[in-house]
Amino acid sequence: MAGLVPATRAIVEAAEVIIGGDRHHVLAENLTAERLAWPHPFDALISTIKGLRGRRVVVLATGDPLWFSVGARIGRAIDPSQIVYHPQLSAFQLAAARMGWSLPDVETLTVHGRPVEQMIAFIQPDARLLILTTGAETPAQIAAFLAARGFGQSRMTVLAAMGGKDEARYDGVAESWAHEVPAFNTLAVECIAAPDAALLPRVPGLADDLFQSDGTMTKQEIRAVTLAKLMPMRGALLWDIGCGCGSVAIEWMRAARYARAIGIEPRADRRAFAAANALALGAPKLDLIDGMVPAALQGLDAPDAIFIGGGLSRETFDAAWAALRPLGRLVANAVTLESEAELIALHKAHGGDLVKLSVHRAEPVGRLTGWRPLMPVTQWSLVKR
């Protein structure tokens, strides 16, 4: 309560009902309002709030309730005109001040209640990260990710109870991190790359050997061109039809904040590859579906982009095209003559761009070096207007 500005404190003191976590209630003592804890499951919070219509209800959140916090969830379900937000200093602002970092020059992330692996996509040389954690174990998990990727010398700082009487700070480096820290904390990471560190840019075109696969995958150079045509965008959804080891879907998710992907793949071994790759490369929310197209497409959320890397047929295209949202992008790749013939026919019927992609890689030929070609790829792409 001592950290609230006077006007906001008056709102809390005048509340009839206060909703929050146990930690919030402890920090807001000596109030007469009825107390309610976060409901279980958490999604029941909205119905709880709606059931209190007509009463003065305060929901307690940490710092800024619209910055990776509960305010956004409430605002999506209840008319914003019925809500007043009272932002205070956020954990990010306080952490940046403690570290002396400029907020526009850092990545602000959350793994609170989310898969911690999603921060992997942000491990870059010289990057500065501020991360809302899930619990006391999260810093050690992130330290392990850093060390495994050649960023073991990265400097880490855990900040706890910022602005309060019990504020604490723990400093160390990733490869030797051994601190026991409070359960509720904010983590600051200054990424420092070793000479042999894995470079995993968010620009599409990761090396093929970063993916577990059976050899059947969209190769690096073709993948980069494919994703350029798919145009990853913030929060957009991709259908990856015949996703194989997940290389296109994973790079789509890495390329834009909150981008989502559904991979449709009938083979269990390839879905296993895709799931492992998604965890290792920072896209743990990749949704994998066992099914044959076009039947497996029924009932899925409407996509912003579709990649057909396998299972190409006129029926699959028709179902995918019908589901694609306006301004959605569709890209289909073919390596066989039969699939190429299908793309040529579709191009004639619907327009778009039809290109032939050919890649040669230099490889040893005895004691010398020569060009070894990959299978040429016919690519058809178009935008739904």
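**Note on the predicted structure**

1. The structure is a predicted model, in which local features need pLDDT of at least 70, side-chain atom pairs count only at pLDDT 80 or more, and totals for chains, interfaces and linings use all residues. Residues are numbered from 1 along each chain as its sequence is written, and side-chain values use heavy atoms, with hydrogens and water left out.

2. The protein contains 11 helices and 17 strands (DSSP runs numbered from the N terminus: helices are H or I with at least four residues, strands are E with at least two). Its C-alpha trace spans about 75 × 55 × 35 Å along the principal axes.

3. Among contacts (heavy atoms within 4.5 Å) with a separation of 6 or more, 62% join residues 24 or more positions apart.

4. Arg270 belongs to helix H9, residues 268-280. Is this residue buried or exposed? Arg270 is buried, because its relative accessible area is 17%. Beyond residues up to four places away in sequence, Arg270 touches Asp214, Thr216, Gly244, Cys245 and Glu265.

5. Thr369 lies in strand S16, residues 368-373. Thr369 counts as exposed because its relative accessible area is 62%. Apart from neighbours within four places in sequence, Thr369 is in contact with Ala362, Glu363 and Pro364. Thr369 and Ala302 are separated by 67 residues in sequence and by 48 Å in space, C-alpha to C-alpha.

Technical notes:
Buried < 20%, exposed > 50% of the residue type's maximum accessible area, 1.4 Å probe, protein only.
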